[in-house]
Every structure is written in C-alpha cells, then in structure tokens.
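User: I would like to go through the terms used for this model and see what each one rests on. Please set the values against the cut-offs.

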Amino acid sequence: MLKDDILRVLKERGSYCSGQELCERFQVTRTAVWKAVARLKEEGYHIEAKQNRGYLLMETEDVMNETELRAALKDISFLRESCFFPSIDSTNLEVKRRAEQGAEGPLLIVADEQTAGRGRRGRSWSSPPGSGIWMSLLLRPEIRPEHASMITLVCALAVAGGIQDVTGLQTEIKWPNDVVIGGRKICGILTEMNTDMDEIGYVIPGIGINVNTDSFPEEIRAVASSLKLETGRTVSRVAIVAAVMRRFAECYALFAESEDMRGLRELYESMLVNRNREVLVLDPRGDYRGTALGITESGELRVRLEDGSEAEVRSGEVSVRGIYGYV
C-alpha cells in the first residue's frame, strides 16, 4: 500500500522528504501522497509537513497498528498468523469465532480497543483505546485435557518476562496468573477452552495489560497500576506484544515437552509474590490460612497449614487472597 511505502521512506530518511520526491518515486499524484500521509496520521504517526521542505516523521513512543505489529512479529516463527483490530468486541470472542471456522493457530489477535472485554468470573474488563494491550491466542495443543489449565501459568510467565525485557521493571506473579508490580496488578489473563474427555479442541488465553493508562478509578487505584505509571514514561505497546510472544514461545515449548511445569517451576517460583507469605484460602468447604511455599509440577499452589501439614490449592476450585496489602 502507498501509505506503507511512504512510511518506510520516512523512517529510512530520518529528515524531511519532499512531496515531489514521493510523487516521482511511487508514480502517484500529490493528492495521493497527501491522502496517504493523512491515513498515517490517523493511525497515530506524528508527521510534520512544511512548505518547501516536505514531510518529516517525528519520533513516536507508542504507535500500535497492523503495520507496526506485523514488523515486530515477523521473526517470531511460533506464530502462524497475527491480526490487528482498531476496535473489536473481544479478542477472545474473535479467536473463538476463527477457531470454530477451522483456524489452526497459533494465531494472535490484538486490538487497540475492546467494547465487550471480560475478566474472570464474568467481570467486565475496561479496554479503552490507546492505553493497553488486549490480545488473545489460539492454541491447539496436543496434550491431555487435564493439563491444559497450566497454560495460564505459562502465559503469566511470558507476560512477566516480556515486561521485564522491555522496561526493566521487577515483575511478580500472584498465583495463578495475575502479573503485579510493586503489589499492584498490571495484567489479567482469562483462559477459555474447548475440550472433551479425551481431546482438546482449542485453548484461548486472553491477556489484558495496562500499559499507558494514566489513572485508575478511586476504587481500584490502590490495587491497579500501569507500565507508564511505574516507569514514568510512555511504553511501546508493540514492543511489549513482541517481547511477550517471544517469551511465550520459549516457555510453551518447555511446557509442551513434559505437559507440566517441571521445566518452568523454578522460574515461576522466583517470580511468585505469594511465596513465603501468609495467604487466606477461600474454600467453599471452609476458609483457612497458611503460608504459600511454591507450586507443584501440576501448577497447584503449595500451602503449609498452621498444623504443619501441606495443602495443594487448585486454580478454579478455590481462590487465594494475599493478606499483605494486595487483593
């Protein structure tokens, strides 16, 4: 497309490029160049236009669109396909639609905005444009259905590692899959599955990361944060997406070898914010307190009870709430 060709030239040039030069190079009219530049501006690029000098691409810290995403992901062979949507109802829903239509995956869907984003237990997930990463993966793993829930922990590792790679921030994981920084939640993960007794149809991990959010409602301000608030600067969402996908490809390969967390357990426990802290386990059979020790090879949280015995907490059956300032 003309706009992509012009963007490439402006990036390579790093200085003003005249409209006449662009016309001659691509054999188009000045009107066509002007329209292409206008479209680039709509996509978030800051392009300065000056008479007798031409167009200059200004440095932009965070532009997320199809062009930038495709360029950032081109070397990640793990992905068979990726798609970007300026706005969508839900990336999980879109992946589910494509899975039902026969898409093989691994497929990545990324959106700038979700109008019907969902969190755990059916809660709505605020997904405004220009602020966060809203993305979902389509996976068709050849593993036993009872092992699929561990993919959520693999995703948490990938997000935590990817954020570290780009920002240098110290990330931690609140079991099983919330990524936190300084005790505040940065990322939530919702994994949906289609399985029967013997076979997995597909697994869809949905990931929401607060990247360039400037503020949060008062009711969640104490427990939620963003990468921008933690670093004090705007963070490239495309760079985060690519870093998370690289980390996921590595972690997922280790998981697939054994179909459990044995190859990732040490890394996961090194990031586990619950570890060696008192936790309250909310169990339908009766709440109890204990000290989190780490995880099992199957991803359960190991908790030492007050009488010295150990319990293994399975995600989905109970919830765990740290009683140290983070909920």
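**Salt bridges and burial**

Analyst: In this predicted model, the side chains of E43 and K3 meet in a salt bridge, with 3.0 Å from N to O. E43 lies in the loop between α3 (30–42) and β1 (47–50) and K3 in helix α1 (residues 2–13), so the pair ties together parts that are 40 residues apart in sequence.

User: What makes the pair E43 and K3 a salt bridge?

Analyst: The rule asks for a side-chain nitrogen of Lys or Arg within 4 Å of a carboxyl oxygen of Asp or Glu. The N to O distance for E43 and K3 is 3.0 Å, so the pair meets the rule. By this rule the protein has 27 salt bridges.

User: Why is K3 called buried, and why is E43 called partly exposed?

Analyst: Buried means under 20% relative accessible area, exposed means over 50%, and partly exposed lies in between. K3 has 7% relative accessibility and therefore counts as buried. E43 has a relative accessible area of 24%, so E43 is partly exposed.

User: How do you know that K11 forms a salt bridge with E68?

Analyst: The closest N and O atoms of K11 and E68 are 2.6 Å apart, and the limit is 4 Å. K11 lies in helix α1 and E68 in helix α4 (residues 66–73), so this pair ties together parts that are 57 residues apart in sequence. K11 is partly exposed, because its relative accessible area is 44%. E68 is buried, because its relative accessible area is 17%.

User: What are R262 and D260 called, buried or exposed?

Analyst: R262 counts as exposed because its relative accessibility is 51%, and the cut-off is over 50%. D260 counts as buried because its value is 9%. R262 and D260 form a salt bridge, the closest N and O atoms being 2.7 Å apart. Elsewhere, salt bridges that share partners join E81, D89, E94, R97 and R98 into one network.

User: Why is K174 called buried?

Analyst: The relative accessible area of K174 is 7%, so K174 is buried by the limit of under 20%. K174 is found in strand β6 (residues 172–174). Its C-alpha atom is separated by 5.5 Å from that of V273, a residue 99 places apart from K174 along the chain.

User: Why does S131 count as buried, and which residues does S131 touch?

Analyst: S131 counts as buried because its relative accessibility is 9%. Its place is in the loop between β4 (107–111) and β5 (132–138). Leaving out residues up to four places away in sequence, S131 touches N210, V211, N212, T213 and R237.

Notes
Residues are numbered from 1 along each chain as its sequence is written. This is a predicted model: local features need pLDDT of at least 70, side-chain atom pairs count only at pLDDT 80 or more; totals for chains, interfaces and linings use all residues. Side-chain values use heavy atoms; hydrogens and water are left out. Helices (H or I, at least four residues) and strands (E, at least two) are DSSP runs, numbered from the N terminus. Buried means under 20% relative accessible area, exposed over 50%, partly exposed in between (1.4 Å probe, protein chains only). Contact means heavy atoms within 4.5 Å.
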